[in-house]
Amino acid sequence: MTKKQFQTESKRILELMVHSIYTHKDIFLRELISNASDAIDKMYYRALSDESIEFNKDDYFVKIELDKEARTITIRDTGIGMTEEELESNLGIIAKSGSLAMKQATKMEEDHSLIGQFGVGFYSAFMVADRVTVRTRSIDSGQGYVWESEGTDGYSIEPTDKADIGTEITLHLKADTEDDAYSSFLEEYEIRSLIKKHSDFIRYPIKLDVTKHRQKEDSEEYEDYKEEETVNSMVPIWRKRKSELTDEDYKSFYHEKRYGFDEPLKHIHLNVDGTIRYQSILYIPSTVPFDYYTKEFEKGLELYSNGVLIMEKSPDLLPDYFGFVKGMVDSEDLSLNISREMLQQDRQLRVIAKNVKSKIKGMLEKMLQNEREDYEKFYESFGRQLKFGVYDQFGAAKDELKDLILFHSSHEKKLVSFQEYVERMKEDQKYIYYATGESIHRIDLLPQAERLKEEGYEILYFTEEIDEFAIKMLQSYDDKEFKSIASGDLGLDDAEAKSLNEDNQDLFAFMKQELGDRVKEVRASTRLKSHPVCLTVAGDVSIEMEKILNTMPN
Ligand code: ADP
Ligand code: MG
């Protein structure tokens with residue numbers, strides 16, 4: 001038997017696979033099942049164009065067989081199969097674009113999720129097996145072939161008898177290490193749960209013989225027997241019509257997928273048919289994940305390529321400020337092959353991400369308009385994130401977010417939006433007034449607020465550190481500038497103060513002289529009612545902001 005060598009690049013990748021130390025060995029099953037599903041797809045397309053082939057859906061399935069004695073897992077499909085040449089070129093050479101493959105292969109050590117994306121899926125079998133046998137017969141060949149390899153030392157291809165068209169891949173599991181890493185793959189429940197986890201939405205049945213228990217006929221005794229079961233549910237919820245689904249369905253999907261342990265506050269189900277087609281279900285959680293405002297939190301959506309989960313958390317699909325959103329995206333149009341340019345993949349993801357972003361924004365705006373109570377509940381949990389979003393990256397997203405931001409205000413002590421504030425502004429009012437302080441109560445006691453409130457000017461209450469920083473990014477809303485009530489000039493008509501200042505020139509000069517550098521100026525003000533004196537700020541930085549800035553490391 002002649003043994004052929006893998007091409008150099010394939011060999012490198014194989015070595016990485018064989019010696020891979022990641023905990024995610026279980027992805028091999030997903031990869032082999034998705035290859036099987038692809039092969040059935042190919043059969044289906046062939047049948048569409050070739051009238052001599054009858055595609056009877058029931059004949060097409062994937063079957064997983066476990067053999068504890070022999071320590072093997074077999075993945076059998078009724079797909080299109082491979083010819084001798086195809087075995088050679090598909091399993092002997094890893095990817096067409098060699099250099100790109102190499103680059104990705106080095107990355108793979110860090111990120112298991114890349115394996116499935118770059119056309120090296122088959123080789124993941126070597127993470128759990130020390131020998132892999134592929135028996136296959138192509139629809140284009142009367143003869144079957146068997147391919148076998150023990151990893152990096154090469155592979156062999158020989159003719160074999162195989163009656164049916166399709167492929168059968170047998171993994172001879174590696175010997176167990178101390179932590180029993182491989183034997184678990186021979187357990188029905190383990191395989192079952194892996195199929196459920198990664199391949200539930202594969203469109204063809206994935207069958208497994210499941211051990212059951214029954215009472216023997218005319219006897220008290222029980223016996224075990226095997227029954228073939230289809231493990232996957234086949235139709236993903238996101239492919240179903242919205243009209244077929246209830247709120248309960250969306251909720252149980254949220255829990256099934258462990259997006260969160262809470263009840264989702266809102267969801268949207270998207271079926272986008274634009275330049276790039278995709279389906280998506282997005283959720284807003286009702287409570288803040290415990291690690292949300294920490295460095296440990298990882299944002300991201302599940303990413304599926306045509307029903308196959310390829311990434312559990314794709315961070316590129318969400319901007320940081322919508323990092324609280326949970327859910328998934330599935331697209332038939334994602335080209336995740338190593339042979340295509342990375343750029344193209346990035347572009348497709350970017351298009352989807354942009355679209356997802358605007359859908360989330362739309363969902364929040366609608367909620368703000370029509371379901372105020374829910375929105376305020378959401379805002380209590382994640383409003384801070386939105387304000388960070390306004391401030392972040394020099395305000396790059398401020399225009400997207402400014403209408404989603406709310407503040408408490410002196411107007412009926414409620415949360416208000418900038419738009420609501422501006423609509424209520426008095427005719428002569430030039431500025432949007434805000435006050436900073438530790439709490440609403442403390443702000444209410446500020447001497448600076450007295451006159452404004454008495455004359456019916458609304459004041460926004462800034463009680464979080466981020467508030468004033470965010471506002472500095474915005475600078476204005478609807479051409480109205482933001483003004484701290486602690487600033488020197490409130491833009492009010494102040495003839496009275498002017499004459500007071502003139503009449504008391506000498507007194508104020510004396511006070512300034514006594515206070516020295518501690519103040520810039522002493523002057524009369526009409527903003528106070530019951531308090532004799534208050535501090536104001538000349539520049540752009542409020543006293544609160546100055547306190548925060550002083551605590552920051554330089
Ligand atoms: P990818 O699936 O991304 O192309 P893989 O390494 O998973 O990369 O598989 C390589 C190739 O081997 C596939 O493109 C396909 O042509 C062939 N192949 C793998 N498994 C099967 C199968 N079960 N039936 C038919 N062809 C297969
Ligand atoms: Mg594959």
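**Figure 1. The hairpin of β3 and β4.** Strands β3 and β4 make a hairpin, with six residues lying between them. In this predicted model, as in the views that follow, local features need pLDDT of at least 70, side-chain atom pairs count only at pLDDT 80 or more, and totals for chains, interfaces and linings use all residues. Residues are numbered from 1 along each chain as its sequence is written, while chains are lettered from A and ligands numbered from 1 in the order in which they are written. Strand β3 covers residues 129–137 and pairs with β4 in the antiparallel sense over five bridges. Here strands (E, at least two residues) and helices (H or I, at least four) are DSSP runs, numbered from the N terminus, and two strands pair if DSSP finds at least two bridges between them. To find your place in this pairing, look for Arg135, which stands opposite Val146 in β4.

**Figure 2. The hairpin of β4 and β5.** Strand β4 also runs antiparallel to β5 (residues 155–160), and six bridges join the two. Trp147 faces Ile157 of β5 across this pairing. Five residues separate β4 from β5 in the hairpin, and Gly151 in the turn has a positive phi of about 105°.

**Figure 3. Gly144 in strand β4.** Gly144 belongs to strand β4, which spans residues 144–149. Is Gly144 buried or exposed? Gly144 counts as buried because it has 23 C-beta neighbours inside 10 Å. For reference, a residue is buried if 20 or more other C-beta atoms lie within 10 Å of its own, exposed if 12 or fewer, and partly exposed in between, with C-beta atoms placed from the backbone. Leaving out residues up to four places away in sequence, Gly144 touches Arg135, Thr136 and Arg137, along with Thr160, Asp161 and Lys162. Such a contact needs the two C-beta atoms, placed from the backbone, to lie within 7 Å. Ile165 is 21 residues from Gly144 along the chain, and their C-alpha atoms are separated by 8.4 Å.

**Figure 4. Leu265 in strand β9.** Leu265 sits in strand β9, which runs over residues 264–273. Leu265 counts as partly exposed because 18 C-beta neighbours lie inside 10 Å. Which residues does Leu265 touch, not counting those up to four places away in sequence? The partners of Leu265 are Ile284, Pro285, Ser286, Asp374, Lys377 and Phe378. Between the C-alpha atoms of Leu265 and Pro285 the separation is 5.3 Å, although the two are 20 residues apart along the chain.

**Figure 5. Val288 in a loop.** Val288 lies in the loop between β10 (277–285) and β11 (301–305). With 16 C-beta neighbours inside 10 Å, Val288 is classed as partly exposed. Setting aside neighbours within four places in sequence, Val288 is in contact with Ser381 and Phe382. Asp262 is 26 residues from Val288 in sequence and 9.1 Å away in space, C-alpha to C-alpha.

**Figure 6. The shell around ligand 1.** Ligand 1 is surrounded by 18 residues, of which Asn35, Ala39, Asn90, Gly121 and Phe122 are the closest. A residue is near the ligand if its C-beta atom, placed from the backbone, lies within 6 Å of it. Helix α2 gives the largest share of this shell, five residues, and α2 and α3 (84–91) each supply at least two. By type, the shell has seven nonpolar, eight polar and three charged residues. In this count Ala, Val, Leu, Ile, Met, Phe, Trp, Tyr, Cys and Pro are nonpolar, Asp, Glu, Lys and Arg are charged, and the others, Gly among them, are polar.

**Figure 7. The largest nonpolar core.** The largest nonpolar core has 109 residues, and Ala125, Val128, Val329, Tyr434, Ile459, Leu460 and Ile485 have the most contacts inside it. Helix α2 (residues 27–49) contributes the largest share of this core, nine residues. A nonpolar core is a set of buried Ala, Val, Leu, Ile, Met, Phe, Trp, Tyr and Cys residues joined through C-beta atoms within 7 Å. Beyond four places in sequence, the contacts of Val128 are Lys25, Phe28, Leu171, Leu173, Lys174, Tyr182 and Phe185.

**Figure 8. Confidence along the chain.** The protein chain averages a pLDDT of 85, and 86% of its residues score at least 70; pLDDT is the predictor's confidence in each residue, from 0 to 100. Residues 95–103 have pLDDT below 50, and this stretch has 19 contacts in the model beyond near neighbours in sequence. Over residues 337–343 the pLDDT stays under 50 as well.
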